[in-house]
Amino acid sequence: MRKWWPLAAICMGTFMLLLDVTIVTVALPAMAADLGTTLSDLEWVVDTYALALASLLLGVGSRADRIGRRKVYLVGLIVFTAASVVCALAPNAGVLIGARAVQGMGAAGMFGTTIALLGMHYSGRDRGVAFAVWGATNSVAAAAGPVVGGILTQYLDWRWIFFVNLPVCLGAVVMTLRSVREAKGRGGRRPDVLGTVTFTVASGALTFGLIRAHSEGWSTPFTLGLFTTAAVALALFLVVETRHEDPVLDLSLFRRPSFTGIMLSALFLQGAAFAYLLYESLWMQSVLGYEPVEAGLYILPMCASAFLVSALAGRFGPWPPRSTIGGGLALIALGAGMQATLDAGSSGSSLVAGLVVSGLGVGLVTPSLSAAALATVPPERGGMVGGAVNTFRQLGFALGIAVFGVIFQSRIEGVLRADGGVPDPHGAAVALSGGQARSFVLGRPEDERAEMARLVREAFASGLNAVLVVAAALGAVASLVVFATVRVPAGGPERRKPDADAGPRGEDARADAAL
């Protein structure tokens, strides 16, 4: 059993960092009340973490190939744990959001090395089992976040969603020191600092612009400045990556259809499967009046089905990535579409069947995606590709929340404007999408409250339906892309150890031959 200790150490850290992506979703109302701020401001508690995680993964994965993957994973664990303590003790929203950004940096150090560490410790059938267990951990952590967050918030306090990280992360540190061996890839080359910085600026400015555009206005200088900054930074990133001897993301890999398909599916996965959970949780708590635990329990079936399928994939696989990734994304699209049937009389139970189907898709995609990505390059470049696939996943989540927020608020405003009974539809939509449904209804004259409550439920249902339709479309498009492009065989190609003096181009040639 000692051979599985590295897997346990890696999965413990992975579970906590992914749990913290979604664990705060049901706790946002309690945070807003305790810290004296609005839910709209606290969206950054979710997005800052996801954005810091996504923006730094590329640089972390590439850097870990040089200085040591175990070392980077351990440093990430320690930073993540320390930032969790600051989050738990935060006296105001500003400190909490800042600590979440640091927490995301630590999570990037962990997540950017996990795929390479697993690929280094396991091969053959053991590798398939390891990725299946790791995939199940991914699925359970992301889907279980709202459930765990609801339990801790309702029965203890929202601060415990961060305190709970401490014992698990400290255990992961001990197990990593005892069981995970160190490994480096290519060394001696100049680090791609400019590539890391430009990618971080591009992704950050784009996400911030999408979040602020609807409230600030799409044509205001502030919004246009953010989008211009994102475009310029992205252009600089592309130029830098084509000229650097050892880029954080080798753009030549995108000439391989399989690699491109895998990256696009990673980008769409998180948005199509998880980004809408924030708005479903908001609907259940602020409109339907559910307690945090009750709201979280409606999402639990997604967690259960994802875990079951990931476990079965490890037991009976490996299967061709084209089938598992493409088929899983199709199920995610179907599940989101099944949920997009809400109306003013709907309850949380209306979501359950669709969440189960989406969970089945998540359980198929997650382990296959990582193994297929690792199979596209030589082992010594595993850190870069592991960082890339996880970057695209988390960037998809951060952008998904931002885009869905615009769609959600716009649709609520449209329903209120069509009704004609709300003096300021835009201001009302901002308040409602910020979790102020109860105060909005109570602020009306008593004889209008029943009708206003019905209108609010109708507007929220319409906004959620629009978000879910877009999520279904993302999943469907990603599924078609995978079936058209991915050709990695089951289990991935077997690769011989590269020559000691092999350069990047030689590595690419061997990987191209394997594919």
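Reader: Is Arg-417 buried, partly exposed or exposed, and what is its relative accessibility?

Author: Good place to start! This is a predicted model, and in it Arg-417 has 48% relative accessibility, so it counts as partly exposed. The cut-off for exposed is over 50%.

Reader: Which side chain does Arg-417 meet in a salt bridge?

Author: To find a salt bridge, look for a side-chain nitrogen of Lys or Arg within 4 Å of a carboxyl oxygen of Asp or Glu. Here the partner of Arg-417 is Glu-413, with 2.5 Å from N to O. Glu-413 counts as buried, at 12% relative accessibility.

Reader: Why are Glu-413 and Arg-417 separated by about one helical turn?

Author: Because they sit four residues apart in helix H17, which covers residues 382-419.

Reader: How many salt bridges does the count come to?

Author: Four, by this rule. Another of them joins Arg-100 and Asp-20, whose closest N and O atoms are 3.8 Å apart. Arg-100 belongs to helix H5 (residues 93-121) and Asp-20 to helix H1 (residues 5-22), so this pair ties together parts that are 80 residues apart in sequence.

Reader: Are Arg-100 and Asp-20 buried or exposed?

Author: Both Arg-100 and Asp-20 are buried.

Reader: And which residue forms a salt bridge with Asp-34?

Author: That is Arg-159, with 3.4 Å between the closest N and O atoms. This pair also links distant parts of the chain, 125 residues apart. Find Asp-34 in helix H2 (residues 28-35), then look for Arg-159 in the loop between helix H6 (124-155) and helix H7 (160-163). Asp-34 has a relative accessible area of 43%, so it is partly exposed.

Terms used: Residues are numbered from 1 along each chain as its sequence is written. This is a predicted model: local features need pLDDT of at least 70, side-chain atom pairs count only at pLDDT 80 or more; totals for chains, interfaces and linings use all residues. Side-chain values use heavy atoms; hydrogens and water are left out. Helices (H or I, at least four residues) and strands (E, at least two) are DSSP runs, numbered from the N terminus. Buried means under 20% relative accessible area, exposed over 50%, partly exposed in between (1.4 Å probe, protein chains only).
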